[in-house]
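Please look over this structure. The report below takes selected sites in turn and says where each sits and what surrounds it.

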Amino acid sequence: MLPVPYLSFVAVTKNFGTLHVVETPFNLEIPRGQFVAFLGPSGCGKTTLMRMVGGLDTPTDGSILLEGAPVGGPDRRRGMVFQSYSSFPWLTVEQNVLFGMKYRTDLLPSEKRARALHYLKLVGLQDFGAAYPNRISGGMRQRVAIARTLAAGSEILLMDEPFGALDAQLREELQVELRRIQTEDTKTIIFVTHDVEEAIFLADRVIVFSPRPATIRADIDVTSILGAVRDLTTRDGQAFFNLRTKILHMLRNAHTAAA
Amino acid sequence: MMGQSVAPLARLFVFRGALSRNVRLAAGCGTALLALAIWSAAPAFGWTNPVFLPSPLDVVEALWIMVTQNGLLTDAGISIARVWGAFLLSAVMAIPIGIMMSSYRIVGSSLEPLIDFIRYLPVPALVPLSIIWFGIGEETKIFLLWLGTFFQLVLLVAEDMKRVPQEYFEIAYTLGAKPRAALTSVALRSMLPSLVDNLRITLGWCWTYLIIAEIVAADNGLGFVIWTARRYMETSQVMAGVFVIGIIGLVSDQAFRLAHRMMFRYL
């Protein structure tokens, strides 16, 4: 008997009324611990597919299975990191991370504090615990959201263009950080982006989408090309450049095909 | 070139330019003092008849007499109590109903047309009706103030709730919160700053309607004092009464603003 895949989309379709976001039944299997980037043009349906994993949208048809069981409404196993409004402005950095464990009854208050501190350290914010989000940079706010989701104990991180609002330098810095965090605290990540370099740099695997209605244009195993270890020099290599060009062409053709 | 003008006067009139705090303060005080000076000069030089426009000193004197001999502070206390009574009643009703309107489409769709209709009814036009219903006791005053504020406030609250980012709810859900918990620990907290602001504005409206209510149906309160003074052509007393309302309004507004700053330091 075949082993049950960790996370799978099985013949998923989605429409909002007459708007068909995913028309052709969508199938995809994601093994545990894989960092997957959903790459595609704006409005192609990649975010909707990711939100369905989180239970924030439901498939019109088909199902999403987590270890063989269909996912229901949102819960702690699948955490979200948004691009904006990602942390609560009325809570300090530490309180934001603690909020991730607010609804956990299996932890003592002292354990929650210890966990909060651990994840603040992991994202490099141990010195900013008492600060309010308006006093820290946009990049730090995204770190807060990541720490909160990890502290909550989520196995799957669903990230919706989390670095989209940051300037180029900060964005690169956070990409390196996220890659490091993921190797230290292995999680399954679905990372939605329309930035080709970001997708290649971060992910083990890039799913390239066509314009809406969403179909898979390519499923690229990046780790076999670039290796698992990524650092700032990764971007300078020829392999990175070639892969980037190849994907850019795919996206360009996708646009022409739609037009 | 902009902002580099040498002449001091020209520096004050840089289009959309910056101005130091002291200059702004001086400009504000200067205008107020100028207005006061013109007001003082007008009756003194016989430009206006003091019966219609008493001097500032006359008004201060009238205020002093009203406070020490006529129990003006009692009337002010009565008016404040009426305003706060009606204000709290409006708030206690409008906050939960407004939140429900934005939480459940069915509640919003059911209530909105009715509220929108009543909201446009002018309060003074409903004075006769409320006297028929409630006589001229406290009920009429509270009713009129409530009428003027509740229907406005409930829509403002509904709007505050609507503006809570969907992301906040979704973050809470994916952290294990149920809708009710998301409402109390996230949505209420998120909307609180704008809610406090809207309450402050509503409190101001209460004073407008209070004067109407006290003029038509009262034997005490600031509105009654002002209206009575008018009957005897005591213009300085009329102005003193209005002045007291202005001061109370200013103080409560500033108190609200201060509370807002202290409560929401994170903004």
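Glu177(A) sits in helix α5 of chain A, residues 168–184. Helices here are DSSP runs of H or I with at least four residues, strands are runs of E with at least two, and both are numbered from the N terminus. Is Glu177(A) buried or exposed? Glu177(A) is buried, at a relative accessible area of 17%. Buried means under 20% relative accessible area, exposed means over 50%, and partly exposed lies in between (1.4 Å probe, protein chains only).

Glu177(A) is in contact with Val123(A) and Arg143(A), leaving aside neighbours within four places in sequence. Contact means heavy atoms within 4.5 Å.

## Basis of the model

This is a predicted model: local features need pLDDT of at least 70, side-chain atom pairs count only at pLDDT 80 or more, and totals for chains, interfaces and linings use all residues. Residues are numbered from 1 along each chain as its sequence is written, chains are lettered from A and ligands numbered from 1 in the order in which they are written, and side-chain values use heavy atoms, with hydrogens and water left out.

## Aromatic pairs

How many aromatic pairs does the structure hold over all chains? There are 25. Rings of Phe, Tyr and Trp (its six-membered ring) pair if their centres lie within 6.5 Å; planes under 30 degrees apart count as stacked, over 60 as edge-to-face and the rest as tilted. Phe88(A) and Tyr168(B) have ring centres 5.3 Å apart and planes at 70 degrees, so this pair is edge-to-face. Phe88(A) lies in the loop between β6 (78–81) and α2 (93–99) of chain A, and Tyr168(B) lies in helix α8 (residues 166–174) of chain B, so the pair joins two chains. Phe88(A) is buried at 0% relative accessibility. Tyr168(B) is buried too, at 5%.

Trp133(B) and Phe134(B) also form an edge-to-face pair, 6.4 Å centre to centre with 90 degrees between the planes. Trp133(B) is exposed, with a relative accessible area of 52%. Phe134(B) is partly exposed at 35%. Ring pairs also build a cluster from Tyr85(A), Phe88(A), Trp90(A), Phe99(A), Tyr103(A) and Tyr168(B).

## Backbone features

The peptide bond from Arg212(A) to Pro213(A) is cis, with omega near -5 degrees. Pro213(A) is in the loop between β9 (205–209) and β10 (216–221) of chain A.

Two residues other than glycine have a positive phi. For Ala11(A), phi is near 50 degrees. Ala11(A) belongs to strand β1 of chain A, residues 7–16. Ala11(A) is partly exposed, at 32% relative accessible area. For Arg16(B), phi is about 55 degrees. Arg16(B) is in the loop between α1 (8–12) and α2 of chain B. Arg16(B) is exposed, at 76%.

Chain B is divided into domain 1 (8–48) and domain 2 (64–263). The bounds come from an automatic or database domain assignment. The C-alpha centres of these two domains lie 34 Å apart.

Which residues make the nonpolar surface patch of about 500 Å²? They are Leu9(B), Leu12(B), Phe13(B), Leu19(B) and Val23(B). Patches are made of residues with over 30% relative accessible area and no salt bridge; like charges are joined within 9 Å, and nonpolar side chains (Val, Leu, Ile, Met, Phe, Trp, Tyr) within 5 Å. A salt bridge is a side-chain nitrogen of Lys or Arg within 4 Å of a carboxyl oxygen of Asp or Glu. Accessible areas come from the Shrake-Rupley method with a 1.4 Å probe; for residues, only the protein chains shown count as cover. Val23(B) is in helix α2 of chain B, residues 21–44. Val23(B) is partly exposed, at 33% relative accessibility.
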